[in-house]
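Keep the sequence and the coordinates side by side.

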Amino acid sequence: MFAKLKQLRDMRGKAKNLQNLLADEKVEASAAWGKMKMVMNGNQQVESVTIDPELLTNKEKLENAIKEATNDAIKKTQRVM
C-alpha cells in the first residue's frame, strides 16, 4: 500500500515538473492576415492578445479572428506537448 502511495506521489511530482516546463513554452498564432495575434503558453493559457484597431469596427470579423487565433494556438501547443 505504501509503495502505491509513493508511486502516486512520484507521478504527481513528474506531472508538476512537466506542467512547469510547459509553462515556459510559448507559441504565437495569428489570424485575419496578421491583424490579430495571440501568445499562448504550453499549458494552453493565453499570455497576450494584440488586435489591430481595424478589427474593432467589425464585430463579426473580430469574433472570427479570435476563434481562428485561439484554435491555431491550441493546435500549436498540442504539438509542443
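Two strands count as paired if DSSP finds at least two bridges between them. Helices (H or I, at least four residues) and strands (E, at least two) are DSSP runs, numbered from the N terminus. The model is predicted: local features need pLDDT of at least 70, side-chain atom pairs count only at pLDDT 80 or more, and totals for chains, interfaces and linings use all residues. Residues are numbered from 1 along each chain as its sequence is written, and side-chain values use heavy atoms, with hydrogens and water left out.

Start with the sheet. It is open, has three strands in the order E1-E2-E3, and pairs antiparallel. Strand E1 (26-31) and E3 are the edge strands, each pairing on one side only. From one strand to the next, the twist averages 15°. Axes here are lines fitted to C-alpha atoms, for helices over the stretch in contact, and angles run from 0 to 180 degrees between N-to-C directions.

Now the pairings. Six bridges hold the antiparallel pair E1 and E2. Ala31 faces Met36 in E2.

Met38 has Val49 in E3 as its bridge partner, and Val39 stands opposite Ser48. E2 and E3 also form a hairpin with four residues between them; Gln44 in the turn has a positive phi of about 60°.

Turn to the charges. A salt bridge is a side-chain nitrogen of Lys or Arg within 4 Å of a carboxyl oxygen of Asp or Glu. The count is four salt bridges. One of them joins Lys26 and Glu47 at 3.9 Å, N to O. Lys26 is in strand E1 and Glu47 in strand E3, so the pair links distant parts of the chain, 21 residues apart.

Last, the largest pocket. A pocket is an open set of points on a 1 Å grid over the protein atoms alone, where a 1.4 Å probe fits, with protein on both sides within 12 Å along at least five of seven lines; lining residues have an atom within 4 Å of a point. This one holds about 190 Å³ of space. Its lining includes Ala32, Trp33, Lys35, Glu54 and Lys61.

Conventions
Points joined across faces, edges and corners; volume = space filled by probe spheres on them.
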